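Here is a short briefing on one protein chain. Keep the structure open as you read.

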Amino acid sequence: MLGDIESQPLSHFAEELRAAGTQVVSERVDVSSPGDLDALAEKAYAKFGGVHILCNNAGIFPPGAPVWKEPLSAWHWTLGVNFFGVLHGVQSFVPRMVQAGEEAHVVNTASVAGLTTRPLMSAYNVSKHAVVALSECLFSELRLSTDKIGVSVLCPAWAKTRLAESTRNKPPGVEADPNASFGFSDTLKHVVEEGTPPEEIADAVVNSIRANQFWVIVPDKADAGVRERCESILNRRNPSVRDLRERSTPLV
C-alpha cells in the first residue's frame, strides 16, 4: 500500500512493483491531512485484510533561515508534514493494529537532525526532534499494552533523495524562497547528492524490524555527532556550532 502527495512518481513506482509481481494499491495522500490517512488505512485493511508494517516516511525541508526570519507559514508546513504526518499515520493505523492482535511494526522516519541540531534548520530540527519524542512515547506505551507491536525510529544522516527539492510540493501561501536562504540551499543540494543511498537505509530498516530494534541511525559515522551532543548535555557544555554552509554568509 503506497501513499504519496505526488501522483506521477507514485504511479510510476507502483507500476515498477507490479511489473516485478507485487500486488500494489497506491493512493495520493497529503499526510498533513488526518482524513487522508484514515482513508488510506481503511483501504489498506479492506484490500489486504491487515497492515503489519507501517512506514511513516513523508518529509520536507524548507529553505534555510534563522529562527527569527523563518516565516510562520514555513514552520506550519514543515511541522504539518514532518511531525503531524507521522502522528496522523500513528493514529490512523496503530488502533487497527492493536485491535487485530497480530505481530506488527511501526517505523517513524525522523533524522539525525532529531538527535542533533545545526543552524538554518530550525523548523526541520524541531519537527524531527518531535518525531523522536513521539516514537519513544509510542514505544513505551505499546510495551505497556501489547507484546506484538514493535516501534523503530529511523534517524538517517543525509540521504540521496529529492529532499533538497521540497519546494516543488510547497502549498499555496507558504513563504519559502530558496533564493533567500543565506547560501544554505546550494550546500544542502550538495550534501544530499553525496548522501547515503536509499537502498542502504532500507536495508537498515528491514534489519531493525527483524531485530525489533528501536534506534536506527544510518550511517554509523553519524554516531559521532549524537555522542558529542549527549556529552555536551551531561557535561553542561554549550552546544557546538556547526555551519553546514561551504562559505559563511551573515544571517542579517
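Where is Arg236 found? Arg236 sits in the segment after α8. The model is predicted.

**Nonpolar cores**
- The largest nonpolar core has 35 residues, and Phe93, Met97 and Val106 touch the most other members.
- Elements giving two or more residues to this core are α2 (34-48), α3 (72-82), α4 (84-100), β4 (104-109), α5 (122-143) and β5 (149-156).
- α4 provides the largest share of this core, with six residues.
- Leaving aside residues up to four places away in sequence, Phe93 touches Leu37, Leu40, Ala41, Ala44, Tyr45, Val51 and Leu54.
- There is also a second, separate core of ten residues. Tyr124, Phe184, Leu188 and Val192 are among them.

- β4 is mostly covered, and six of its six residues are buried.
- In a regular strand, side chains alternate between the two faces of the sheet.
- From β4, Ala104, Val106 and Asn108 point one way. His105, Val107 and Thr109 point the other way. Both sets are buried.
- β3 (residues 53-56) runs parallel to β4, and four bridges join them. Here Asn56 stands opposite Asn108 in β4.
- β5 also pairs with β4: six bridges join these strands, which run parallel. Val106 has Val151 in β5 as its bridge partner.

**The cavity**
- Rolling a probe the size of a water molecule over the atoms shows where empty space is left.
- How many cavities of 30 Å³ or more does the structure hold? It holds one.
- The largest cavity contains about 40 Å³ of space.
- Its lining is made of Tyr45, Gly50, Val51, His52, Met97, Ala100, Glu102, Glu103 and Ala104.
- By class, this lining has five nonpolar, two polar and two charged residues.
- Tyr45 and Val51 line the largest cavity, and both are touched by Phe93.

- The volume of the second largest pocket is about 160 Å³.
- Its lining has 14 residues, and Asp147, Lys148, Ile149, Gly150 and Asn212 are the closest to the pocket centre.
- β4, α5 and β5 each supply at least two lining residues.
- The lining divides into six nonpolar, four polar and four charged residues.

**Backbone points to check**
- Most residues other than glycine have a negative phi, and most peptide bonds are trans.
- Which residues does a cis peptide bond join? The bond joins Val218 and Pro219, with omega about -10°.
- Pro219 lies in the loop between β6 (215-218) and α8 (223-234).
- Asn212 has a positive phi, near 55°. Asn212 is in the loop between α7 (198-211) and β6.
- Why does Asn212 count as partly exposed? Asn212 counts as partly exposed because its relative accessibility is 37%, between the cut-offs of 20% and 50%.
- Arg236 also has a positive phi, near 55°.
- Is Arg236 buried or exposed? Arg236 is exposed because its relative accessible area is 70%, and exposed means over 50%.

Definitions and conventions
Residues numbered from 1 in each chain as written. Predicted model: local features only at pLDDT ≥ 70, side-chain atom pairs only at ≥ 80, totals over all residues. Heavy atoms only, no water. Core = buried A, V, L, I, M, F, W, Y, C linked by side-chain atoms within 4.5 Å. Buried < 20%, exposed > 50% of the residue type's maximum accessible area, 1.4 Å probe, protein only. Contact = heavy atoms within 4.5 Å. 1 Å grid on protein atoms, 1.4 Å probe; cavity = no way out; pocket = protein on both sides within 12 Å on 5 of 7 lines; lining within 4 Å. Points joined across faces, edges and corners; volume = space filled by probe spheres on them. Nonpolar A, V, L, I, M, F, W, Y, C, P; charged D, E, K, R; others polar. Pairing = 2+ DSSP bridges.
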